[in-house]
Amino acid sequence: MAEPYVYQKPFVSIGGTDYVCMATRVALTPADQMGDASTFCYPGLQIPSGLVVWTFEVTIKNGYGAAEFWNAVSAIETTKVAFVVRPDTGTIGVTNPQADFNAYVPTIPFMDATPGGTHEFTLSMVTVGDPVFTTV
Amino acid sequence: MATRPKKFFAAQDFGLGRRRIRAGDELSEFDAVHVSSVRPDLVTDDGPKAAANKKEEPADG
């Protein structure tokens with residue numbers, strides 16, 4: 001068995017544009033919706049219902065300009081767009097699977113300025129249905 | 001004459017959430033529409049051709 005994967009430069013595309021150079025964290029994680037199966041014999045028991053909610057999160061350091069994050073993504077706020085993420089910017093493969101999904105882009109922050117600082121914020125959105133995972 | 005609803009199949013192996021879909025598997029109408037919305041290349045109406053893309057399962061051991 002190989003060592004754990006060390007992320008260097010993931011691929012994160014929002015509406016067809018790669019924002020890896022603006023990102024400090026990319027996450028696509030599931031949460032099983034649990035059903036209450038608690039009884040006298042099984043107090044506190046919860047069983048997965050089969051429903052899963054996938055949440056995509058991306059932490060961005062903001063930037064301004066014709067092709068930069070705020071200008072480009074504020075134009076697609078509250079719309080459903082295509083997302084593509086991979087552990088690495090290289091081609092899809094068994095060691096670099098790809099996730100494709102749609103999600104509604106939330107309204108994004110404009111600025112949060114401190115002297116000499118950058119503006120970092122996290123966008124969180126639930127995917128529209130299950131992501132599609134491919135290795136070819 | 002009543003027409004049969006069109007059938008859709010997975011064009012290659014892929015994952016759909018926590019489900020594993022194999023090439024040639026028939027997709028429900030909902031799954032076919034949903035997968036087409038993100039990866040139209042993964043959905044086909046040619047079942048036999050799609051089934052030929054099925055990869056061999058690795059042997060347990």
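**Exercise 1. Find which residue stands opposite Ile14(A) in E5(A), then describe how the two strands pair.**

Step 1. Helices (H or I, at least four residues) and strands (E, at least two) are DSSP runs, numbered from the N terminus.

Step 2. Before going further, a word on the model and its labels. This is a predicted model, in which local features need pLDDT of at least 70 and side-chain atom pairs count only at pLDDT 80 or more, while totals for chains, interfaces and linings use all residues. Residues are numbered from 1 along each chain as its sequence is written, chains are lettered from A and ligands numbered from 1 in the order in which they are written, and side-chain values use heavy atoms, leaving out hydrogens and water.

Step 3. Now follow the strands. E1 (residues 11–14) and E5 (residues 80–86) of chain A pair in the antiparallel sense over 4 bridges; two strands pair if DSSP finds at least two bridges between them. Ser13(A) has Val84(A) as its bridge partner in E5(A).

Step 4. Turn to E2(A), which runs antiparallel to E1(A) and is joined to E1(A) by 2 bridges. Here the bridge partner of Ile14(A) is Thr17(A). The two strands form a hairpin with 2 residues between them, and Gly15(A) in the turn has a positive phi of about 60 degrees.

Step 5. Check the side chains of E1(A). Phe11(A) and Ser13(A) point one way, Val12(A) and Ile14(A) the other way, and all are buried (under 20% relative accessible area; exposed is over 50%, partly exposed in between; 1.4 Å probe, protein chains only).

**Exercise 2. Trace the open sheet from one edge strand to the other.**

Step 1. Read off the order of the 7 strands: E2(A)-E1(A)-E5(A)-E6(A)-E8(A)-E2(B)-E3(B), with antiparallel pairing.

Step 2. Name the edges. These are E2 (17–18) of chain A and E3 (19–21) of chain B, each of which pairs on one side only.

Step 3. Locate the step from chain A to chain B. E8 (residues 132–134) of chain A pairs with E2(B) in the antiparallel sense over 2 bridges, and Phe133(A) stands opposite Gly15(B).

**Exercise 3. Describe the contact between chain B and chain A.**

Step 1. Count the residues: 12 come from chain B and 16 from chain A, where contact means heavy atoms within 4.5 Å.

Step 2. Take the area. The chains bury about 1100 Å² between them, 53% of it on carbon and sulfur atoms; buried area is the accessible area (1.4 Å probe) that two parts lose on being put together, summed over both. Arg18(B), Val38(B) and Arg39(B) supply 41% of the area that chain B buries against chain A, more than any other three residues.

Step 3. Look for charged pairs. The count is 1 salt bridge, a side-chain nitrogen of Lys or Arg within 4 Å of a carboxyl oxygen of Asp or Glu. Asp100(A) and Arg39(B) form this link through their side chains (3.2 Å, N to O).

**Exercise 4. Is Gln12(B) buried or exposed, and which residues does Gln12(B) touch?**

Step 1. Read the accessibility. Gln12(B) has a relative accessible area of 17%, so this residue counts as buried.

Step 2. List the neighbours, not counting residues up to four places away in sequence. Gln12(B) touches Thr134(A) and Val136(A), as well as Ile21(B), Arg22(B), Ala23(B) and Leu42(B).
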